[in-house]
Each structure stands twice: as C-alpha cells, then as structure tokens.
Amino acid sequence: MVYLDNNATTPLDPAVAEKMCWFLREHFGNPSSLYPIGRAVKDIVTEARETVARALGAHRNEIIFTGSGTEADNFALRGVADTCPEKNEIITSTIEHLAVLRVANYLEKKGYKVTYVPVDRFGTLDLDFLKDAITPRTALISIMLANNELGTIQPIEAVVMIARDKGVLVHTDAVQAFGKTDVNVEKLGVDLLSVSGHKIYGPKGVGALYVRRGVDICPLIQGGHQERGMRAGTENTIGIVGFGEAAGILMDRGKKDRDRIEKLAEALKKGIESKIPKAKFNGHPENRVKNTVNFSFLGLEAEAVLLALATKRIYVSTGSACSEESEEVSHVLLSIGLRPEIARSSIRMSLGRFNTDEDVQIALRELPEIVEKLRQISAFDPEEE
Ligand code: PLP
C-alpha cells in the first residue's frame, strides 16, 4: 500500500499504540475518583496534558481536551460568541475547514454578521480586506494556520497584530499545521488554537483547544467539573494518553521527519511536473506545509484518477475527507479562482512519517500512466488552457 493521504488521517505510530495498549491493560480508573486507581489515571492525563502543552509552547492549564479537532473549532467560535453577546460579528476566511465554516453559518442564522475574508490564487489571506472588516462589534477572528487541501500557511502573526490593535480575539485552526510546521502559541500570539490527535500519528476522537490564560470562553458541553468545568464528560483517557504520546514523539523527532517528508514531497511534485503534461500545481509554492501536493489534471475527473490509483493500492484524496462524499466542488479550490471543472480535476497527495522513497517512485510510475489513459478516453483537448 502507498498511503498518500496523511492530511485525512495518519497511521497510529507504533510507540503510541504500545502506550495505549499498556494504559488499557493497566488502568481503568476514573480520573475524578479520589482513591489511588483514579488518582493514577489523573496523573497520567496530567502528564499527557503537559506534553501537548509543551509541544504547543503553552501551559498545561491552557489546554482543554476535546472529542476532536472539529469540537475544538466549534468550542472556540461558539464559546467566544456566547461570552460576549453584545459583540455580534465574526471574521473568518473563505477557505476554512467545515468545522469552522458550518459554525459560522450557524451563527449567521442566529443573527451574527460573519465576514469571509478572500484569499489570492495561492490561498493566502487578503490582510487589507481583513483589516477593513474589523468593527467595534467584532468578537473573534478565526483563520486557519495551514489549509488542509493546499497546505498554504496563513500569516497568523500579522492577523494577530491587526487584531491586537483593535482588541479582538484570534483563533487559529492548527489541525493541519501541528507537526508539519512550527506551532508555538507564544510566537503566533493567538488566543485560541485547535489541534487534533489523529493528524499527528495519534488516535482519532481526541483533540484539544488551547485557551490563553485570561481569555473568557463559555463551555460547549455542560455537566461535571472535568477539564476544569470547561468540557464536561468523563475524559477519553485512552485517547488523551495516545495524543500525549504522539505529541511527545513530535517533539523528539518532528523536525527530522519533516525534513525527510518535505524532500519526498518535493520529489513527487517535481516528478509530476516533469512527467504529466498540463498538471497544474495548486497552493503556495513556498509558504505551505510541504507534505501537501495538490494538482489539477486538466480534462479529468479527480474521482476517476483516485479510483484508478486505488486499484493499484495507492491512496490519495480529491479534497478534504469531510467533503469527499459530497458532490460539491471544493470551496477551497473555487476560492483560489479555479474554474469548477478544473477544481473537479484536482488530487491532493499528502505525505507523512511512514512514507518512503519507494512510495514516491511507485506513485510516479503509476500516476502518469493513469492520467494518460484516462485522458485518452475523455474529451481532453491538450491545447485547452
Ligand atoms: N480542521 C482542519 C483544518 C482539518 O483538516 C480537520 C480534519 O481534516 C479538522 C479541522 C477536523 O479535525 P477532526 O477530524 O479531529 O475532527
């Protein structure tokens, strides 16, 4: 198998799996219980919280574990909106993940004014537009750090500078950035930041929201006192343990992995450009998480390419996993100005820790052949732009 869809999810790192199995075997206590088997689990959860915090440059009290990156995003937007009902405006971008866009739509229905900041052809935010959109009623700016389809990295520090001047909070969805580029809450200066376990070789169903000390936010889930009352419900202890272990591994070997992955992805990009005519690269050439390589293959339906690759056990994506099953054209690709038929011909390949040179070679052997064959049976006109 050649797995080139690491932005959709990553395989569990064997060391994470081992730690989780150990935890499952040895510990079942409820971290809220006061007797030793509960205390032991509480300590293990605290250790995981400390590790995730350290990986983000945060303090452990600033980390709230959630049920996913999606929940962290929902929590950030709704949690801030609920604390200051007199401020009824939100600013976000046109290329956010649905975990942000759907909440923005929901808030619009509730009477909020939401401004969607456009991006340029590389997927980079229009900062002047953002600056002009801020009003005294702006409660929050939510802009993702790295885009899941293109990899393009947003100028979050600049967003924070603009927002600080006007006293507006900034949230960033760092789900795709964590592990692929430096993510440090102090350097970024953000007030809230979302991450997810399964994008960093940890388990699915666990995420975290960083909330800067002193930032007021209402809980999304009410009930017991878990997560200091900010996210009720008995903790997903096994998920948290795995997430902590995965974050620890990132700190140990993240940079080395990244350099290797970037080289492989660059070889894949260059190979596609040299072997496939009319392959159009999407995303920022430099300022992006470089594991991500997105191409439009003019004249084709991406789905046909994806399925043909899958018969060779090569797995890629036509967009974000969440929109994969819908017929919709990627809102991200439309936002960077692609025509719908070109957006529909786009494939995302995203590399990760377990990819090898051989994976890239196999992809570069099979993909050009598949594209050529499919173009022969489609109405592809090589002269068409
Ligand atoms: N935000 C971004 C940018 C993502 O790419 C994803 C998942 O693909 C999410 C949020 C949602 O994270 P989760 O799958 O943990 O809900």
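# A tour of the cavities and the ligand site

About 170 Å³ of space lies in the largest cavity of this predicted model. Colour the lining by class next: seven of its residues are nonpolar, six are polar and seven are charged. In total, the structure holds two cavities of 30 Å³ or more.

Now move to the ligand. Which residues are closest to the ligand? Select Gly-69, Thr-70, Asp-173, Ser-196 and Lys-199, which are the closest of the 13 residues that surround it. Coloured by class, this shell around the ligand shows eight polar, three charged and two nonpolar residues.

Next, show helix α3, which spans residues 69-83. This helix gives the shell three residues, the largest share.

- Select Gly-69: one of its backbone N or O atoms is 2.8 Å from an oxygen atom of the ligand.
- Select Gln-176: here a polar side-chain atom lies 2.8 Å from an oxygen atom of the ligand.
- Select His-198: an N or O atom in its side chain is 2.8 Å from an oxygen atom of the ligand.

Finally, show the surface of the ligand with the protein hidden, then bring the protein back. How much of the area that the ligand exposes alone does the protein bury? Taken alone, the ligand exposes 390 Å², and the protein buries 91% of that.

Notes. Residues are numbered from 1 along each chain as its sequence is written. This is a predicted model: local features need pLDDT of at least 70, side-chain atom pairs count only at pLDDT 80 or more; totals for chains, interfaces and linings use all residues. Side-chain values use heavy atoms; hydrogens and water are left out. A residue is near a molecule or strand if one of its heavy atoms lies within 4 Å of it. A polar contact is a pair of N or O atoms within 3.5 Å; within protein, one must be able to donate a hydrogen and the other to accept it, and residues adjacent in sequence count only if both atoms are side-chain atoms. Accessible areas come from the Shrake-Rupley method with a 1.4 Å probe; for residues, only the protein chains shown count as cover. Helices (H or I, at least four residues) and strands (E, at least two) are DSSP runs, numbered from the N terminus. Ala, Val, Leu, Ile, Met, Phe, Trp, Tyr, Cys and Pro count as nonpolar, Asp, Glu, Lys and Arg as charged, and the others, Gly among them, as polar. On a 1 Å grid over the protein atoms alone, a cavity is a set of points where a 1.4 Å probe fits but cannot get out, and a pocket is an open set with protein on both sides within 12 Å along at least five of seven lines; lining residues have an atom within 4 Å of a point. Grid points are joined across faces, edges and corners, and a volume is the space filled by probe spheres set on the points.
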